[in-house]
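Subject: A structure for you to explore

Hi there,

Here is the structure I promised to pass on to you. Please open it beside this email and follow along as you read.

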Amino acid sequence: MAWVTISQEYSRRNILQVLCQEVKGSIDGLSEMSEDEIGQILYKHLWGRRYLIVMDDIWSVVAWDIVKFFFPDSNGSRIMMTTRLSNLAIELSGGHVFQMQFLDDNKSWNLLCEIMFGKLNCSIQLENIGKEIARKCRGLPLGIAVIGGLLKKSNMTQAYWLYTLGNLNAIINLENDEYTLRMLRTSYKELPVHLKPCFLYIGIFPEDYEIKASLLIKLWIAEGILRPIDDKNLEEVAKEYLKELIDRNLILTAELRPDGEARLCKIHDLLRDVCLREAQKQKFFCVVSRKQKLHTPRGMGMERRICIDPENTNKEYSPLFLHALKYAPLVRSLLYKMHGYGDWEEALSLLRYRLLRVHSSVDGYSFVAHSNNDILEQANLRYLSLKSNFQSAPRLLSVCSLFWNLQTLKVDGRYSSEPIIASAIWEMPLLRHVMLYEFELPDPPGEHKFVLENLQRLSLVKNFKFSDEVVKRIPNLKKLKVKYERSGVEEEERVPNICINNLGRLQKLESFNLNIVLLDSCEKENIRRNLVSFPHSLKKLILRGTELDWEDLTTRIGSLPLLQFLRLSLGACRGPKWKTVEGQFCSLKVLQIADADDLKYWDTDSSHFPRLEHLLLQFLEELEEIPSSIGDIPTLKSIQLVGCSKFADDSAKRIKAEQEENGNEDLQVIIYSSSR
């Protein structure tokens, strides 16, 4: 066996020399030999022998290409390579790629014990603290090795171990700075230039925070840190950058979408420390916490991006932070989570930064519309996320068109007492995402001819008309969430005529959420009759209250070629029987059915859902059974039932038993019989 560490800087000669010395020991005159001569010695020694070579920490396929000819293929020998780059592993491997995972809590504790005590046992007094120390290393063997080496040399007292637990990251970085941080920084330094700011930006999120990939992408775009690529929009570029960072194992995937893309991601604590250190060094952003000396806030005067750590702010410290922010007139990005306090005027002054591009606040921030002159000062805003009080949302929407550069508008105004009319949207050609609670979108005025080429998301539009004039102004819309609900019982309060047949003209639409509530039978029938054409681009569809026949579901929706996620709830479909046919739902991975009160019989076959992975059934109290053939779907991972009939529960248990008999131990069947 021989082991050679490659790293970023390597030479063919050094790799061959190390391997020769590993397999043969000391060799006279090796330093005077040529590279080919050293390679021949290695080849002849390995020929006919069974060997294992480990090439550790490879960063380039070239490192393998320049030496691979000196390894004879004989006697079942193996060469194992390690790399931090997932895409390189695939490129290098002619066989199996083993993806290393973080250690679980038990393995972390076992490794820590082995480092500290060898074959001896940990004392009972220290065991619980030790397990918590191991858990806080987040499964990273490097961190466990460093902290284990420190504790091994320390006093074995509860007081010292508790101190270590409370200062874990700082101790790891301080104890072995030249090793731990150098190893982690290497991954950052080797990033291409275009990925470095994207990686650093992740440090603004709190420790252990699960980051929505969609949010991260919006912020990257608003910050202007993406490099445009021909023929690709910025969202596509951002997704590629995110995947690159995941492939390099700098970002972890916490949850996947049905299409395999990351829904939630996170970063290890130690890598976040690298982000914070590099960001501070480069003045890329500033994370403000109560640990800082806020009585000298003028040091923030040159900061461009400021994030107030939500874990370290409360009613006592919020006014201090706001006072400190007065001394940062050049700030371009402001992200914070403030707890409630009374000095609203000082909070509102945050909106008067002329250079502000990103303003994101949640939980307790109340926006009150300023004069037009104040709003005009915010012409550089690209990302605005606020929680509005019940009075301010309509006023904000009436003047938001004055944010000329705005790309993302997110206002939680769910308690608004008056209708939110978002006609100003038609005057904002750079908008990409609009997320409001139940806003109305009238037809664009005749004098404005903007086509919103960049608009990709509208949510939640109330009584959306789908008129010809509207549909042709939003040609690239990808996500749409609508709700139909009459505001009263009078004739003039009826839902207006809806051209929902125009839905099929939104040819870029990928996600559609339709909710119908409180309509009379005529209004529902009008929507149901005209809901015949869905865009073939749809990947996710949620229907509620549409009262489609089950046959309509198969003929109108089953043929959608890209549909991966389908949720039907609260009367989305009606009738006692659903019969599917082969050739439908070819791409469906997630099927959820809830509150189908009259569904009794489901006639289907495994070939009718060839790619289904997850089945969720909720409150199907009349369903007599889940077809046993569902269990034969080769891709199926889970069946979950909530509040369904006893017959349905029993059939799910039979499916589980049958699959176990056939050797399928991986299928999960979860049953919750509790009522609503």
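**Salt bridges**

The count comes to 27 salt bridges, where a salt bridge is a side-chain nitrogen of Lys or Arg within 4 Å of a carboxyl oxygen of Asp or Glu. Before we go on, please note that this is a predicted model, in which local features need pLDDT of at least 70, side-chain atom pairs count only at pLDDT 80 or more, and totals for chains, interfaces and linings use all residues. Residues are numbered from 1 along each chain as its sequence is written, and side-chain values use heavy atoms, with hydrogens and water left out.

As background, side chains of opposite charge can pair when their charged atoms come close. Let's start with Glu132 and Arg135, which form a salt bridge with their closest N and O atoms 2.5 Å apart. These two residues are 3 residues apart in helix α6 (residues 124–136), so about one helical turn separates them. Helices here are DSSP runs of H or I with at least four residues, strands are runs of E with at least two, and both are numbered from the N terminus. Glu132 is partly exposed at 28% relative accessibility, and Arg135 is partly exposed at 31%. For these words, buried means under 20% relative accessible area, exposed means over 50%, and partly exposed lies in between (1.4 Å probe, protein chains only).

Which residue forms a salt bridge with Asp468? The partner is Arg505, and the closest N and O atoms are 3.0 Å apart. This pair links distant parts of the chain, 37 residues apart: Asp468 is in helix α19 (residues 468–471), while Arg505 is in the loop between β16 (479–484) and β17 (511–516). Asp468 has a relative accessible area of 46% and is partly exposed; Arg505 is partly exposed too, at 40%.

Next come Glu613 and Lys637, a salt bridge whose closest N and O atoms are 3.9 Å apart. Glu613 lies in the loop between β24 (601–603) and β25 (614–618), and Lys637 in the loop between β25 and β26 (638–642), so the pair ties together parts that are 24 residues apart in sequence. Glu613 is buried, with a relative accessible area of 19%, whereas Lys637 is partly exposed at 45%.

There is also a network of salt bridges that links Glu525, Arg528, Glu547, Asp549, Asp552, Arg556 and Arg574.

**Strands and their partners**

Now have a look at strand β23 (residues 590–594), where 5 of the 5 residues are buried. In a regular strand the side chains alternate between the two faces of the sheet. In β23, Val590, Gln592 and Ala594 point one way, and Leu591 and Ile593 point the other way.

What does β23 pair with? Strand β20 (residues 565–569) runs parallel to β23 and is joined to it by 5 bridges, with Leu566 opposite Leu591. Strand β25 also runs parallel to β23, again with 5 bridges, and there Gln592 has Leu616 as its bridge partner. Two strands pair if DSSP finds at least two bridges between them.

Strand β8 (residues 305–308) has Arg305 and Cys307 pointing one way and Ile306 and Ile308 the other, and all of them are buried. Strand β7 (residues 286–288) pairs with β8 in the parallel sense over 3 bridges, and Val288 stands opposite Ile308.

An open sheet of 3 strands has the order β4-β6-β5, with antiparallel pairing. Both β4 (211–212) and β5 (252–256) stand at the edges with a single partner strand each, so one side of each has no neighbour in the sheet. The antiparallel pairing of β4 with strand β6 (residues 262–266) takes 2 bridges, and Lys212 has Leu264 in β6 as its bridge partner.

**A helix with a buried face**

Helix α22 (residues 646–661) has 16 residues. Which residues of α22 are buried? They are Ala648, Asp649, Ser651, Ala652, Ile655 and Gln659. Seen down the axis of α22, these buried residues fall within an arc of 165°, so they line one face of the helix; the arc is that of the directions from the helix axis to the C-beta atoms. On the other side of α22, Lys646, Phe647 and Glu661 are exposed.

Enjoy looking around, and write back with any questions!

Best wishes

Technical notes: Expected span 1.5 Å × (residues − 1).
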